Number of protein chains: 2
Amino acid sequence: MAATHSARAQRLRDAGYRLTSARLAVLEALERSQGHVTSAELLQMTPDVGRASVYRALDLFTRLAIVRPAWLQDSSTPRYLLLPDGHHHHILCTACDRVIDFDDCHLEPLQRELETRYGMRLRGHLLEFYGRCPDCVDRTEG
Amino acid sequence: MAATHSARAQRLRDAGYRLTSARLAVLEALERSQGHVTSAELLQMTPDVGRASVYRALDLFTRLAIVRPAWLQDSSTPRYLLLPDGHHHHILCTACDRVIDFDDCHLEPLQRELETRYGMRLRGHLLEFYGRCPDCVDRTEG
DNA sequence: ATTACTGCAAAGCCTTTGCAAGCCC
DNA sequence: GGGCTTGCAAAGGCTTTGCAGTAAT
């Protein structure tokens, strides 16, 4: 086990879960891949971890909001996106699956309006834009 | 087969596919459910349609951009969202998994800004808020 | 009349479960 | 040391496939 752990590993521990080598291996694989991998890719990246433990780790990470399964155009299985702390906004290129992150969303006014309208208490949000990145625009258009 | 068909059914026909009773049944089930259903729910809603045909219809609808599979918080299987107009916005109650839809997002200015900033051509977006619905707020807070 | 499409059922694949052993705390 | 967690393998469940019959055009 490594001497230092990522902030996400710390969140695991803070939530009362043990920092096992299996969980750390899956977490490091996610962070290494910048987080839009399928379970199959993750299984390949962690050959020393049992399949069941990979799935159990993904389930745990999902419940702790460390990752989020999402459908990125092509695949028939979910891809797991790392959720950075705070805002989670991406732009997805539907041609090459590139993910661009951005921070400014200016959604706080809308969030407050929705809280009032529906009587909800909102804690966070996810915003994804879909389109084509510069490379793919060039490659697929006149 | 019904005498009149929805605009989506027309898109099917325009794309060169036959308007079969199986496809219409699945499409009507999607429209009736406002489109947050899993394949399992869809299978229940179309007892007269063979399972394989339901899956084949969903695959076809996905390729035609009539629906979009998405992971909404809870389920381990995708939920199929009807894509009416490019906007897909929900509020998810993280306690009871209730889903509330809303239409106004005012994200067009942001979308245009991001297109300029990253050189992308954006076609659509997904916005999800996470929180607690009125019932669950009452139930879980002092 | 053509041929795309359906339905059934079996095959296929990914994911989950059960349980003894192992490791974190 | 206690008990959460792992790993293996088998079970499980959803999805896909093959093929002959059926229906849309």
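## Helix H1 of chain B

Just past H1(B), Gly16(B) takes a positive phi of about 95°. Helices here are DSSP runs of H or I with at least four residues, strands are runs of E with at least two, and both are numbered from the N terminus. This is a predicted model, in which local features need pLDDT of at least 70 and side-chain atom pairs count only at pLDDT 80 or more, while totals for chains, interfaces and linings use all residues. Residues are numbered from 1 along each chain as its sequence is written, chains are lettered from A and ligands numbered from 1 in the order in which they are written, and side-chain values use heavy atoms, with hydrogens and water left out.

H1(B) itself covers residues 7-14, and its buried residues are Arg8(B), Ala9(B) and Leu12(B). They fall within an arc of 105° seen down the helix axis, so they line one face of the helix; the arc is that of the directions from the helix axis to the C-beta atoms. Ala7(B) and Asp14(B) are exposed on the face turned away from that buried side. For the cut-offs, buried is under 20% relative accessible area, exposed is over 50%, and partly exposed is in between (1.4 Å probe, protein chains only). The cover over the buried residues of H1(B) includes helix H2 (21-32), helix H4 (51-63) and strand E3 (79-82) of chain B, with contact meaning heavy atoms within 4.5 Å.

## Chain A at a glance

Chain A has six helices and six strands. Read from the N terminus, the order is α-α-β-α-α-β-β-β-β-α-β-α. Of its 142 residues, 44% are buried. If you take the contacts in chain A between residues at least 6 apart in sequence, 50% join residues at least 24 apart.

## H1 meets H2 in chain A

The axes of H1(A) and H2(A) come within 10 Å and cross at roughly 145°. Those axes are lines fitted to C-alpha atoms, for helices over the stretch in contact, with angles running from 0 to 180 degrees between N-to-C directions. On the H1(A) side you'll find Arg8(A), Ala9(A) and Leu12(A), which meet Arg23(A), Leu24(A), Leu27(A) and Glu31(A) in H2(A).

Further on, Ser33(A) sits in the loop between H2 and strand E1 (36-38) of chain A. With a relative accessible area of 18%, Ser33(A) is buried. Its C-alpha atom is 9.8 Å from that of Leu81(A), 48 residues apart along the chain.

## Helix H4 of chain A

H4(A) takes in residues 51-63, and Val54(A), Ala57(A), Leu58(A), Leu60(A) and Phe61(A) are its buried residues. Down the helix axis they fall within an arc of 165°, so they line one face. Arg51(A), Arg56(A) and Arg63(A) are exposed on the other side.

The partners for the buried residues of H4(A) are helices H1 (7-14), H2 (21-32) and H3 (39-45) plus strands E2 (67-70) and E3 (79-82) of chain A. Just after H4(A) comes Ala65(A), with a positive phi of about 60°.

## How the two chains pair up

Chain B superposes on chain A by a rotation of 179° with 0.3 Å of shift along the axis, at an RMSD of 1.5 Å. The two copies are thus related as by a two-fold rotation axis. The superposition is by least squares on the C-alpha atoms of residues with pLDDT of at least 70 in both copies.

Leu127(B) is the residue of chain B that comes closest to the rotation axis, at 2.1 Å (C-alpha). As for the interface, 100% of the interface residues of chain B are also interface residues in chain A, so the copies meet through the same surface.
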